[in-house]
There are 2 protein chains.
Amino acid sequence: MIQSQEFQSIIQAFYDAKDEQGIYETFDHLTYFLGFKYFAIGHHVDLLNPPIASFGISNYSSGWLNEVFHERYFMDDPIHFLCNGRHAGFAWPESHLLNRLNERHRHILERGALRNFQSGYTIPVHLPGEYSGSCTFATPTSGTIAHNVLPAAFFAASHAFEAIRRLARTAAGLGLEPPPQFTDRQREVILLMGQGKTYAEMGMILGISRETAHQHCKLVFRAYGNIQRCNLIARVLYDGIASFPEMLRKQ
Amino acid sequence: MIQSQEFQSIIQAFYDAKDEQGIYETFDHLTYFLGFKYFAIGHHVDLLNPPIASFGISNYSSGWLNEVFHERYFMDDPIHFLCNGRHAGFAWPESHLLNRLNERHRHILERGALRNFQSGYTIPVHLPGEYSGSCTFATPTSGTIAHNVLPAAFFAASHAFEAIRRLARTAAGLGLEPPPQFTDRQREVILLMGQGKTYAEMGMILGISRETAHQHCKLVFRAYGNIQRCNLIARVLYDGIASFPEMLRKQ
DNA sequence: ATAGCAATACCCAGTTTGGGTCATAGGCCG
DNA sequence: CGGCCTATGACCCAAACTGGGTATTGCTAT
């Protein structure tokens, strides 16, 4: 399958696509080629109020899309939820994944199954400074998905996402701004903020005065546009400026 | 290749590995299976002062590793640089990628080529809350890499990274105690805290009094053992109680 | 029915935050 | 050498947070 000329040409077609229509047709082709029926690719954002340069393309039925929009399923999409903290693709439904879902997630999953989404394969896409997203292939038949198509689906989905990102960015005229850069000292106070330390404690730990720690923090806030402390924590983790292990380390 | 039993068993072996030695042997096997000679997988961090729970494994020669450490190449690694803002894997060297490199990058790339890294394939790995990383396969022969192995390499690298992450995390002792459970209201105030809202703003948004929002937050803090607000944000994101998309979305 | 829990609401004293502004010292670079 | 950046330190002050309380309402499970 992967050795085939057809597979190579589908990948190339994503990069050659000039607009959403071209992407859609290529995806339709790919979905059929891989043996699935449905596809969806896009960012995990508020679909009723999508941010600039975000995108979402699928061949889901209008009935299901109506339900998703009307019931606001996209805010608690179980498949999107399972993408959190994950790089490798995953086939669903799978028992040990279902354990992580809450009531609302399961309800949505059941509604989807009624609408012919019995099983599928989803590829998460995370990139620093961008909205998380994913690419999903689904079938109306229940039962296990053939494992040998997964590498091809994973590979193709990644390139498809890459191609659509570029298209969406150039269409939006950005250039998303890259996350700010920080000095070593600034990164240190960021970690300490995430550990819940006060300015006085930071000063103690770093061997500097309370006011100096305060000053470093002020510059960090300013770099992010004077956002609030807690929002900063979420941002630096998301932007890859700090990692969970460092921030959550006991001390 | 991908259909082969051997490929499946290599993937499984990564998840079954109990320590770095097991990972190393499995990677050696995978590298040979894919037709490469060298492999390297790990986080893009300061190797002289690696953060907790970060990892790096490779079968590079000690001569090259010495040079990398001594000359601090890892701070300006051209391959790591090309991973920025990219999800799909990439084969190198490739002319349109080289354009993005600066002098120092090219110098390091040339030094690597002298040390037998003529061409390769690199898979970037980005995950919110973690350092970016990558997995590289390389060969001492110049010339184009056969395209048909790339999907297998991409797929296997993703699962390998996933398996090593889990190993490194449990070794770092994170995520041992099960996270507390929260009510819907509590989850709402958690999200609002992560968005930098004050108690008064939370009350406004939720249609309750400032003091009620305060009360919900107090119970959340208590559930985590009266930790500080900012530390809470890092914890709930790590524990999967809230996700980056819901916390960072504009509203 | 009654005990438990979630959600609501209010009080309060002490601490912390997050904006300013200002100043000095050292390092690096052209 | 001068300019720029970083790290350091200091002061001010209104607003917000923190962590104790108490108390009512309504729902649910035993």
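How many residues of chain B are in contact with chain A, and how many of chain A with chain B? I opened the predicted model with that question. I found 56 residues of chain B in contact with 56 residues of chain A.

**Entry 1: the interface**

I looked up the buried area next. Chains B and A bury about 5,000 Å² between them, and carbon and sulfur atoms give 67% of that. I then asked which three residues of chain B supply more than any other three. They are His87(B), Tyr131(B) and Cys230(B), with 13% of the area that chain B buries against chain A.

I counted salt bridges between the two chains and got zero. Polar contacts gave another answer: 18 residue pairs across the interface, both residues at pLDDT 80 or more.

I listed the elements that give two or more residues to the chain B side. They are α1, β4, α7, α8, α11 and α12 of chain B. The largest share, ten residues, comes from α7(B). I sorted the residues of this side by type: 27 are nonpolar, 19 polar and ten charged.

**Entry 2: salt bridges**

I searched the whole structure and found 16 salt bridges over all chains.

Glu67(A) pairs with Arg111(A), with the closest N and O atoms 2.6 Å apart. Glu67(A) sits in α3(A) and Arg111(A) in α6(A), so this pair ties together parts 44 residues apart in sequence. I checked burial at both ends. Glu67(A) is buried, at 10% relative accessible area, whereas Arg111(A) is partly exposed at 29%.

Arg104(A) and Asp76(A) meet at 3.1 Å, N to O. Arg104(A) lies in α6(A) and Asp76(A) in the loop between α3 and α4 of chain A, so parts 28 residues apart in sequence are tied together. Arg104(A) is partly exposed, at 31%. Asp76(A) is also partly exposed, at 23%.

Arg185(B) is partly exposed at 30%, and Glu188(B) is partly exposed at 32%. I also noted a network in which salt bridges with shared partners join Glu130(B), Glu162(B), Arg165(B) and Arg169(B).

**Entry 3: strand β1 of chain A**

Is β1(A) mostly covered or mostly open? I found it mostly covered, with six of its six residues buried. I traced its partners. Six bridges join β1(A) to β5(A), antiparallel, and Phe39(A) stands opposite Phe137(A) there. Three bridges join β1(A) to β2(A), also antiparallel. In β2(A), Ser58(A) is the bridge partner of Ala40(A).

Definitions and conventions:
Residues are numbered from 1 along each chain as its sequence is written. Chains are lettered from A and ligands numbered from 1 in the order in which they are written. This is a predicted model: local features need pLDDT of at least 70, side-chain atom pairs count only at pLDDT 80 or more; totals for chains, interfaces and linings use all residues. Side-chain values use heavy atoms; hydrogens and water are left out. Buried means under 20% relative accessible area, exposed over 50%, partly exposed in between (1.4 Å probe, protein chains only). Helices (H or I, at least four residues) and strands (E, at least two) are DSSP runs, numbered from the N terminus. Two strands pair if DSSP finds at least two bridges between them. Contact means heavy atoms within 4.5 Å. Buried area is the accessible area (1.4 Å probe) that two parts lose on being put together, summed over both. A salt bridge is a side-chain nitrogen of Lys or Arg within 4 Å of a carboxyl oxygen of Asp or Glu. A polar contact is a pair of N or O atoms within 3.5 Å; within protein, one must be able to donate a hydrogen and the other to accept it, and residues adjacent in sequence count only if both atoms are side-chain atoms. Ala, Val, Leu, Ile, Met, Phe, Trp, Tyr, Cys and Pro count as nonpolar, Asp, Glu, Lys and Arg as charged, and the others, Gly among them, as polar.
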